[in-house]
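Have the model open and follow along.

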Amino acid sequence: MSKIKILWVDDEIDLLKPHILFLTKKDYEVTTCQSGMEAVEIIETQNFDIVFLDENMPGLTGIETLSEIKTRRRNLPVVMITKSEEEYIMEEAIGANIADYLIKPVNPNQILLSLKKNLDHSRLVNETTTSKYQQAFRKLAMDLNQVNTHEEWAEMYKQLLYWEMELDQLDDNSMIEILESQKEEANSAFFKFISKNYQSWFERNADAPTLSHQLFKTKILPELSKEQPTLLVVVDNLRYDQFKAIEPTINNYFKKETEDAFYSILPTATQYARNAIFSGLMPLDMQKLHPNYWLNDTDEGGKNMKEDEFFQAQLKRLGVEIDYSYHKIISLEQGKNLADNFAKCKKDDLTIVVYNFVDMLSHSKTEMQVIKELASTDKSYRSLTKSWFKNSPLLDMIIKAKHFGFKLIITTDHGTINVSTPTKIVGDKNTSTNLRYKTGRSLTYNNKDVYAVKKLDSIRLPSINMSSSFVFAKGDYFLAYPNNYNYYVKYYKNTFQHGGISLEEMIIPFSVFLPKG
């Protein structure tokens, strides 16, 4: 397939080199010139698919150049770019049949959006969805430059997910590519926000979101009562978009009472985040108060084997007396057995089910080629999660919970992200093995790719030794050792990992449902 050919006309074309490079990397062929006369001459001898035209140029103005282009290439799409928003200029340009109109300063994603809209429109199945996203694109871009609180970030992430799932309806992926660029930009800004603010969330009277260790006390406990049993489902590794994918199935049996987001602690890994939920403590405090339960990264043994004991200790510390049962499901057989015997749970005020399927799915994607192919994108990952859920013992439990009049709470410990960008790290043999975070001593890394913390008590994490530090990878980065680097990168690229800093890993769902009927 031949490349899309672009002519870009601007008297200050040298200032647009980053935009040109961006388009070149996207496999577009870009020709540039600096005046209207030069553009007209080039148009007479070469064919282009689209023209980006500056409105304010010396000599032939943009409007005059547009007219000359249209007399020679009537059907050639021309995108007018201007600093001015004066109505008469817009009217003249629209009257001359421009394809699009952009206000300076433009960013590369706006250019890409205009290209997709004008050159790929015939492949878009759902014109309404596309049009609405195009209208929302500019607002999302503007909001992204202004978001500066944990509440605003949660709302921004929900908006991006809304459009991502709306665009799932399209057969063509071109609009998804644009949204992915926005998500990448958002994750980069979110990383800076977390790096700047995360430590302050543990200070007294801080303006902080609900974090993992506060979830039971602040959100779950107020929902419990002796009058109605509650089913608490903690699906390990369930991203917000995966929750939204399975929610319509849940809505067949339950009506949603509340939906909220909370933040996973760092590292966004099961042994830290889920233990924090059940203990009501940060990892440093778990180590101090329950040294017989807590294991560090380099300790041998299962790191999440004491959740029930942690939870008992939290209830005692809070002075809460409830009848509860705790069930961890790590196999199909265990799930079926609990679903078949779910009636026994009616006697308890709270039934806790920790379901590990999604975590196993993400690890299987790393290990098994067939899963890599089935879940190669976020869209297919959501689809696979939805298919599993509709045929799972977990849904059987939820249906029975509805029949017995349970309140239903669904949440998770952390999310996960599809990693694609390696960054080198060096550590000694006692360094932890996770791809999204590392803890150990004498770590060497690229500062711009990680959030590094050396005073671990400031973020309530334990030290393996006196000189230990933690580093957390940003966005879709993963940490790779220089030894066998190429093999390592090829093996783990495009796999779902967790432990670092991204919207997908940190901002996670908490939702309460009441039974229908």
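In which strand is K5 found? K5 belongs to strand β1, residues 5-9; helices (H or I, at least four residues) and strands (E, at least two) are DSSP runs, numbered from the N terminus. Before going further, a word on the ground rules: this is a predicted model, where local features need pLDDT of at least 70 and side-chain atom pairs count only at pLDDT 80 or more, while totals for chains, interfaces and linings use all residues. Residues are numbered from 1 along each chain as its sequence is written, and side-chain values use heavy atoms, with hydrogens and water left out.

Back to K5. With a relative accessible area of 24%, K5 is partly exposed (buried is under 20%, exposed over 50%, partly exposed in between, using a 1.4 Å probe and protein chains only). Leaving aside neighbours within four places in sequence, K5 is in contact with E29, N47, F48, D49 and I50, where contact means heavy atoms within 4.5 Å. The K5 side chain reaches the backbone oxygen of N47 at 3.5 Å. T31 is 26 residues away from K5 in sequence, yet their C-alpha atoms are 7.6 Å apart.

Now zoom out to the sheet. It's an open one of 5 strands in the order β2-β1-β3-β4-β5, with parallel pairing; two strands pair if DSSP finds at least two bridges between them. At the edges sit β2 (29-33) and β5 (100-103), each pairing on one side only. From one strand to the next, the twist averages 20°. For a look at one pairing, take β3 (residues 50-54) and β4 (residues 78-82), which run in the parallel sense over 4 bridges. There, F52 stands opposite V79 in β4.

Next, the helices. α1 (residues 17-25) lies across β1 and β2, at about 175° to β1. α2, for its part, lies across β1, β2 and β3 and runs at about 160° to β1. These angles run from 0 to 180 degrees between N-to-C directions, and axes are lines fitted to C-alpha atoms, for helices over the stretch in contact.

G36, A39, V40, I43 and E44 of α2 meet T65, E68, I69 and R72 of α3.

How values were computed. A polar contact is a pair of N or O atoms within 3.5 Å; within protein, one must be able to donate a hydrogen and the other to accept it, and residues adjacent in sequence count only if both atoms are side-chain atoms.
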